[in-house]
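Please open the model in your viewer and keep a residue selection tool at hand. The tour below moves from one selection to the next.

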Amino acid sequence: MTDIQCYQINKLRIRLYFTNTGYDTIPKNTPVAFYDADPRKPGARRLGNLFYTPEDIPGKCATVTYTYILDAGRPNVDTLFAVFNDKGTTLPLALPNTTVFESNYGNNVSAHKNFQYHVRLNPANYSIAPGKEST
């Protein structure tokens, strides 16, 4: 995941790409699941629908960057884990859980934290005077 933005109250706009460091082609429609915490540990919940790779990924190649809108189903999500080749049905996560077998599953998890837009006011920049309206 290269970028995550709050898109609507319950949605995230995610920019992501995939790299196949092996020799075999990874087939089109390989699933990617999203979670609100590390899915390898207890307590993580899957968010939204699965993303499916829209094309084959040949060996020793990377894809273009895709933009995906994830409906997280709730506001205030500020942590996102993406798991490649995961159909999202096994928690805690245990790979493989699809029919696409890999020689190394260690690089299938990507995480981003604290990406949510936060508003903070610095009180030193504001002064309140009784009887006056601000514009």
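The model is a predicted one, in which local features need pLDDT of at least 70 and side-chain atom pairs count only at pLDDT 80 or more, while totals for chains, interfaces and linings use all residues. Residues are numbered from 1 along each chain as its sequence is written, and side-chain values use heavy atoms, with hydrogens and water left out.

Now widen the selection to strand S4 (residues 31-35) and S5, which pair in the antiparallel sense over 4 bridges; strands are DSSP runs of E with at least two residues, numbered from the N terminus, and two of them pair if DSSP finds at least two bridges between them. They belong to an open antiparallel sheet of 4 strands in the order S5-S4-S8-S9, whose edge strands, S5 (46-52) and S9 (109-113), each pair on one side only.

Because Phe 51 lies in strand S5 and Tyr 68 in strand S7, the pair ties together parts 17 residues apart in sequence.

Finally, select Phe 18, Phe 34, Phe 51, Tyr 66, Tyr 68 and Phe 84, which ring pairs link into a cluster.

Technical notes
Rings of Phe, Tyr and Trp (its six-membered ring) pair if their centres lie within 6.5 Å; planes under 30 degrees apart count as stacked, over 60 as edge-to-face and the rest as tilted.
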